[in-house]
Amino acid sequence: DWNSENVIETQVALIRKQIGTSRVICGLSGGVDSAVAAALVHKAVGDQLVCIFVDHGLLRQDERRQVEEDYVRITGIRLVTVDVREQFLTALAGVSDPETKRKIIGREFIRTFEQAERDLVAEADADGQPIKFLVQGTLYPDVVESGGGSGTANIKSHHNVGGLPDDLQFELVEPLRALFKDEVRAIGRELGLPHEIVGRQPFPGPGLGIRIVGDITQERLDLLRKADAIVRFELTAAGLDDEIWQCPVVLLADVRSVGVMGDGRTYGHPIVLRPVSSEDAMTADWTRLPYDVLAKISNRITNEVAGVNRVVLDVTSKPPGTIEWE
Ligand code: XMP
């Protein structure tokens, strides 16, 4: 019978056996899987583990702080943050095609991660303590998905944090390989991780970059981050987190419409709300949010986020829509 304490004990023993006295690294995305995987490995081998967190500037409000402060305080994990916000803005300047954005973000991410890896490897070698292992937060459904024959066309080029190069020089440590998401959350709670991390809804690797329809600029990212934070706050305050699989908030940066504010005309951008209910993200239905919650969100965004004068609701199921707009 399943019990998170037993799983933790078993995994800690297995991880210790696999890693021995070597060093190990892990990429943290801010998501629940990598956070729980790293916490388990840390419990097993302590400071033999170093984590890498890439701030590419496409993160949600408060995400970096949650990892750097809350997560590190609770786990005691050694963390290296790589700040490449400028590099990503430059690489993405003027790009509005979704697949091109995804490719650039994926490429820059891997480059950044590998450079951070090389730096840590050099440091560890100098200490005579080579890094031999890499932690991945692979779950059981990921194992099944990549093993099963795929009849589905590649609709979007998914990119996952820590995406693996072909010439991997590390042995993988995958302590969540036998687990489902709800089990991973239970383990995270048992390990004392904060609700903001353990209860987190899915968020795509390319982050806010694929939630701006149009090209990506600093101003647009800041605007979207504000709107997204309002939506998340209000959905949580209304107790709706468990009903919603995720709720992308999308900025239509290439669209403007006329509005009125006080005595003046405005000419601003729409924000799209995309709340969906789903079991596995393969199919989804739009969530029937209560009107008063929608009204509150709409009022707050149009009042508090400069440049936005309209909030619209996406009422498309998947298929034919995808969950993300890009
Ligand atoms: P779509 O838009 O294809 O999204 O219906 C299905 C699920 O996948 C997430 N998603 C991604 N996750 N890297 C990720 O790690 C990606 O590039 C990516 N693109 C979409 C999306 O948020 C939804 O949960």
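Start with the five strands that form an open sheet in the order β3-β2-β1-β4-β5, with parallel pairing. Strands here are DSSP runs of E of at least two residues, helices are runs of H or I of at least four residues, and both are numbered from the N terminus. Two strands count as paired if DSSP finds at least two bridges between them. Select β3 (78-83) and β5 (171-173) next: these are the edge strands, each pairing on one side only. From one strand to the next, the twist averages 30°.

The model is predicted; local features need pLDDT of at least 70, side-chain atom pairs count only at pLDDT 80 or more, and totals for chains, interfaces and linings use all residues. Residues are numbered from 1 along each chain as its sequence is written.

Select residues 49-55, which make up strand β2; six bridges join β2 to β3, and the two run parallel. Asp55 stands opposite Asp83 in β3. Axes are lines fitted to C-alpha atoms, for helices over the stretch in contact, and angles run from 0 to 180 degrees between N-to-C directions.

**Helix α2**

Select residues 32-45. This is α2, with 14 residues, reaching 20 Å from its first C-alpha to its last, close to the 20 Å expected at 1.5 Å a residue. The expected span is 1.5 Å times one less than the number of residues. Because 14 of the 14 residues of α2 are buried, the helix is largely enclosed by the rest of the structure. Buried means that 20 or more other C-beta atoms lie within 10 Å of the residue's own, with C-beta atoms placed from the backbone. Just after α2, look at Gly46, which takes a positive phi of about 55°.

**Strand β9 and its partners**

Select residues 264-273, strand β9. Strand β7 (residues 249-252) pairs with β9 in the antiparallel sense over three bridges, and Leu251 stands opposite Ile271. Strand β8 (residues 257-261) is also antiparallel to β9, over five bridges; here Val258 stands opposite Tyr267. The hairpin of β8 and β9 has two residues between the strands, and Gly262 there takes a positive phi near 60°. Finish with β12 (residues 308-313), which runs parallel to β9 and is joined to it by five bridges. The bridge partner of His269 in β12 is Val308.

How values were computed
Buried ≥ 20, exposed ≤ 12 C-beta atoms within 10 Å, placed from the backbone.
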